[in-house]
Amino acid sequence: MLTPVLSLASRDIAAADQEITEARAAVAALVEAVTASTDPLQFGQGLDEFCSNELLLTMGGRALAARCFALATPPRPAEGETAPSPAQVSRHADALETYARLSLAGQASEYKLFGLIEDIATPQPRRYAQAVLRSVGAAYDRWPVDDRVIGVVGILSGVTPAGYTAPEDTTVTRDREYVKDIASDACWTTANIELVRVFRASGAHEVTAHLEAALEALSFAKAQDERDDIEALHGTLRLLRAFMADLVEHGAAARSAAEWELDLSLVEAITARVQDLAVGGYGLSHWSGDRKQLVLEGWARLTRDLAWLRDKLDRDSLYDAAVVIDDLLQIYSASHTYEITSDVGGIESVRALVRPAIAGGFAARAGLMRNLCDHIEFLQQRVETADGDTTQDEERLGAALALQEAAKAALLAAPEPPGKDPAQGAAQLPPLLAEFLGPHAGAAEALAGLAPAVLRGLNTALADVRDANALDHDLVITEVRKGMLDALASCPDFKGDVPQAVQAVLDQLIRFVSRCMNSQESSREYLFRDDADEHDLHADLYDWLCNGSLSNLTNVEVQEIGAGRVDIQVSFPGFHLYLELKADKTMVPVAEKQKYIKQTVTYQATDVQIGFLVVLRLAQPKDKGPAPHLRDYVNHATIGIPGDSSERHVVMLEIPGRQTKPSSVH
């Protein structure tokens, strides 16, 4: 009766509006019953049920962790036996994996997990060894794990001598079989640990060394296991190694991709492998969760970028390496972060566990290089196409180019000798620039001639480009966007290509509101001025859109639209979306500003009946208190037009002006 009773309790607790009085006692009894079960199938199902229900974990997670920890040690043979029974191995493996999952969820101590793994001194049965490897991989994804914990991979695979005391012949023979059974899995885990080290490395030299180690491990795994995902990763890392070797050899000098030692047939082979994987692939095994679709989308994006490299041979090679590293990071994050509860879903939550552990490494800095190159292109286009004075843009462009050269030198710098402290000059720079350049000795000197105000502006611009192009949205932005899309679903034009276009514009606008709410006065001083106006908002929002994914689709002050001139037009094949901008000094809610709303929908007369109203709020605040939440600044309205058979839709976004610094709030 244990399995159905646990399922019923899980269902009823999840369905209850509030905590059931008897629930805690029931959950405590179920924890004891599940962990006391000697049936391995029932034991594993019970643990999975707990880990898939957040409320069950809230009530019984720590008790479950304590009991699993006691069962998570290596299985030992019964008296008179040379090996533990399959049922015993299965129970110990499930207990270890559950404890690792609970550690990731914050319900158990990761340090106890590390200690348990570190104490494993001999090869183990395959099922338990798999549990150890999965736990090590998850731990290394999430935390900066001590190398002594990683050392267990060598013990399981036989690379490191086991900690025997006078072993018997039967024990040695048995352990040789264990080593043979787990060899491929151990190499796969080793390769992925080295890949994380690639992301965490601080410079190109370290990246190259860890890529070599990953490729060596994958080569063995390929020989043991013919799997499409191993083939795809191995081929991609070979390409990346070619990129990085070219960088290290030739320094910061820009070179044509045609000069790389790059086998383009390998790109085509990888593309074919990924297509095969999309048809015949399967989800990742056991508790890592079925991430097949997310992983395949990542591989598809990577192959598109590899094809892009082939077509854009005049690009700077450092930028191209950043493209590939960024793609690999997305794939790794999607495929190696571990499902904890049923409420964990979507790429945003999947990456949340992996990102913090590698946030300061080479992958993050390579991504910033990619953003900087985008910003430089944007500034170059502005300078080339401007009709008036370009002095300010030329100054910004010069600063961006200087930063690019300094960043190249920092990324390619050889590691400092052991024991030598890196120069701290970069710490004097604005925070994002200091993160970008890292502890490079010449970074501050390379930018010494630039005015502090120019550097602060460049710091802000780089942050804007990064945020506008970020792939992993935070939870609040995702929630707000979903609410707006749900509200727009009733519009008869919300079909075909329109939903995707609306989502793209909406995403950029919500990000813009969020960015404005988080910016300091040094970044967006007009948001703190009493005399800010619509022109300030217009210039800022237009720059934001031009730095993001809509850069080639955005037009400003477009004439002959709805018998007037629209502030911003975003063009898509067959239709347009329009943005009306306002600066308002009243306390009247935007939803009650019928004149603003009617003007916005006027531009829809011959186009899609969905528009955007962006308002800079400049009313004198009643007190110097905190600003409302982002959710309160993004709303939706409909309005009926006489003679129309359907309503027009408007998404209303507000930008808080005349802001108060947190230190001045009272």
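Author: Keep in mind that this is a predicted model. Let us start with a pair of helices, H9 (residues 169-200) and H10 (residues 204-224), whose axes come within 8 Å and cross at roughly 160°.

Reader: Which residues of H9 and H10 meet?

Author: On the H9 side they include Ala183, Cys187, Trp188 and Ala191, and on the H10 side Leu211, Ala214, Ala217 and Phe220 are among them. Sorted by class, this contact of H9 with H10 holds 13 nonpolar, 4 polar and 2 charged residues.

Reader: At what angle do H4 and H5 pack?

Author: Helix H4 (residues 54-71) packs against helix H5 (residues 86-104) at about 135°, and their axes are 9 Å apart. That angle makes H4 oblique to H5. Here, too, there is a handedness to read: H4 passes H5 in a left-handed crossing. Leu57, Leu64 and Phe69 are among the H4 residues in this contact, and they face a group in H5 that includes His92, Ala95 and Tyr99. By class, the contact of H4 with H5 counts 9 nonpolar, 3 polar and 1 charged residues.

Reader: How far apart are the axes of H5 and H7?

Author: The axes of H5 and helix H7 (residues 126-142) lie 8 Å apart, and the packing angle is about 10°. This makes H5 roughly parallel to H7. Among the residues making the contact are Asp94 and Glu97 of H5, along with Arg127, Arg134 and Arg142 of H7. By class, the contact of H5 with H7 has 9 nonpolar, 4 polar and 5 charged residues.

Reader: And how do I read a pocket?

Author: Rolling a probe the size of a water molecule over the atoms shows where empty space is left. In this model, the second largest pocket has a volume of about 1200 Å³. It is lined by 37 residues, and the closest to its centre are Arg382, Gln392, Arg396, Ala539 and Asp543.

Reader: Which element gives the most to the lining of the second largest pocket?

Author: That is H24, with 9 residues. Helices H17, H18, H21 and H24 and strand E1 each supply at least two residues of this lining. By class, the lining of the second largest pocket has 13 nonpolar, 10 polar and 14 charged residues.

Terms used: Residues numbered from 1 in each chain as written. Predicted model: local features only at pLDDT ≥ 70, side-chain atom pairs only at ≥ 80, totals over all residues. Heavy atoms only, no water. Axes fitted to C-alpha atoms, helices over the stretch in contact; angles between N-to-C directions. Helix = DSSP H or I, 4+ residues; strand = E, 2+ residues; numbered from the N terminus. Contact = heavy atoms within 4.5 Å. Nonpolar A, V, L, I, M, F, W, Y, C, P; charged D, E, K, R; others polar. 1 Å grid on protein atoms, 1.4 Å probe; cavity = no way out; pocket = protein on both sides within 12 Å on 5 of 7 lines; lining within 4 Å. Points joined across faces, edges and corners; volume = space filled by probe spheres on them. Parallel < 35°, antiparallel > 145°, perpendicular 65-115°, else oblique. Left-handed = near helix turned anticlockwise from the far one by under 90°.
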